[in-house]
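Here is a short tour of one protein model, meant to be read with the structure open beside you.

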Amino acid sequence: MKLTATQLEQFDRDGYLLFPGLFTPQEMRVLNDEVPRLYAQHRPENVREKGSDAVRTNFAAHLYSYPFAKLARHPRMVDPVRQLFGEDVYMHQFKINGKNAFDGDVWQWHQDYGTWLNDDQMPEPRAMNIAIFLDEVNEFNGPLMFIPGSHKLGALEAGHDTTTTSYPLWTIDNDTIRKLVERGGMVAPKGPVGTMLMFHSCLVHASGSNLSPWNRVSVYLSLCAVSNHIRRFKRPEYIAHRDFTPIKTLPDDCLLKHYDVELPWKNGTPEAALKPALAA
Ligand code: SIN
Ligand code: MN
């Protein structure tokens, strides 16, 4: 899949692109059938919400789940990012966020690059999130909120918030957000199951809690240009990957047909992936 000149202009101006219903209901069924099994597992990759059993986020399923291993190599997700960076990409992070009905907690205002810079020493904002909605995203179930154009400002000052939710994040203060919203406004891209959303790593974003009776499960690939790989291995490997091998894409029908993929963490997470390490 190639981005058109109009899409490239839009991405440059706004910092994100929305592709409503890009994946078919049959393709989405393959992924959705797998999520309950993943969320039920007791492994460190499942981070639960504060004071609840609901899974906030599941990390690295592409290393132990067959359908998600294929998604991690899907040309509809990988090619647009490769095109934008003009080079091969590797998987920096892979997560399936639950945002469960009633229990899904907030994600505070932040830029992804804030965390990738401060924790992982990623040299440049040459990595980005590309997400698929596994559930419909509507105005009630905690859609992502973006400040269009904020990606042009580069990395903003951020503080390390380790208390608001169960997951530490480098967040941006309210005064800065107020000023940015006065200038750029806010949007909350919504869409049916199978919608794809890509956004620049400096785009300022957040999401509210999910008080609706509908889950808002989404899967995020954080793809990084290979030359821009992280320089510090402070976070466990299941959160910030240390394998910078370029992703080799599968054919476009890969979710519906069999293709051989490796599942190296199928029988558990390697000890070394649970701990900080010295960078290579
Ligand atoms: C994120 O910002 O990484 C996730 C936000 C969300 O899933 O709402
Ligand atoms: Mn984020």
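Setting aside neighbours within four places in sequence, Leu 221 is in contact (heavy atoms within 4.5 Å) with Leu 71, Ala 72, Met 77, Met 91, Gln 93, Phe 94, Met 128, Asn 129 and Ile 130. This is a predicted model, in which local features need pLDDT of at least 70, side-chain atom pairs count only at pLDDT 80 or more, and totals for chains, interfaces and linings use all residues. Residues are numbered from 1 along each chain as its sequence is written, chains are lettered from A and ligands numbered from 1 in the order in which they are written, and side-chain values use heavy atoms, with hydrogens and water left out.

**Nonpolar cores**

- Leu 221 is among the residues with the most contacts inside the largest nonpolar core, which has 48 residues; Phe 68, Leu 71, Phe 94, Ile 96, Val 219 and Leu 223 are also on that list.
- A nonpolar core here is a set of buried Ala, Val, Leu, Ile, Met, Phe, Trp, Tyr and Cys residues joined through side-chain atoms within 4.5 Å, and buried means under 20% relative accessible area (1.4 Å probe, protein chains only).
- Another core, of eleven residues, lies apart from the largest one and includes Tyr 113, Ile 230, Phe 233 and Phe 244.

- Helix α5 spans residues 75-85, and eight of its eleven residues are buried; helices (H or I, at least four residues) and strands (E, at least two) are DSSP runs, numbered from the N terminus.
- The buried residues of α5 pack against α2 (25-32), α4 (66-71), β4, β6, β10 (196-200) and β12.
- Just after α5, look for Gly 86, with a positive phi of about 65°.
- Phe 11 belongs to helix α1 (residues 5-14) and is buried at a relative accessible area of 6%.
- Leaving out residues up to four places away in sequence, Phe 11 touches Tyr 16, Leu 17, Leu 84, Met 128, His 151, Met 198, Phe 199 and His 200.
- Phe 11 and Met 198 are 187 residues apart along the chain, yet their C-alpha atoms are separated by 8.9 Å.

**Manganese site**

- The manganese ion (ligand 2) has His 110 (NE2), Asp 112 (OD) and His 205 (NE2) as its protein donors, at 2.1 to 2.2 Å.
- Donors are N, O and S atoms within 2.8 Å of the metal (3.2 Å for Na, K and Ca); water is not among the atoms, so sites may look incomplete.
- Along the chain, these donors follow the spacing H-x1-D-x92-H.
- His 110 is buried at 4% relative accessible area, and Asp 112 is buried at 8%.

**Cavities**

- On a 1 Å grid over the protein atoms alone, a cavity is a set of points where a 1.4 Å probe fits but cannot get out, and lining residues have an atom within 4 Å of a point.
- Grid points are joined across faces, edges and corners, and a volume is the space filled by probe spheres set on the points.
- The largest cavity has a volume of about 200 Å³.
- Of its 19 lining residues, Lys 95, Trp 107, His 110, Asp 112 and Leu 169 are the closest to its centre.
- The second largest cavity holds about 50 Å³ of space, and its lining includes Ala 131, Phe 133, Arg 216 and Tyr 220.

Note on methods
On a 1 Å grid over the protein atoms alone, a cavity is a set of points where a 1.4 Å probe fits but cannot get out, and a pocket is an open set with protein on both sides within 12 Å along at least five of seven lines; lining residues have an atom within 4 Å of a point. Buried means under 20% relative accessible area, exposed over 50%, partly exposed in between (1.4 Å probe, protein chains only).
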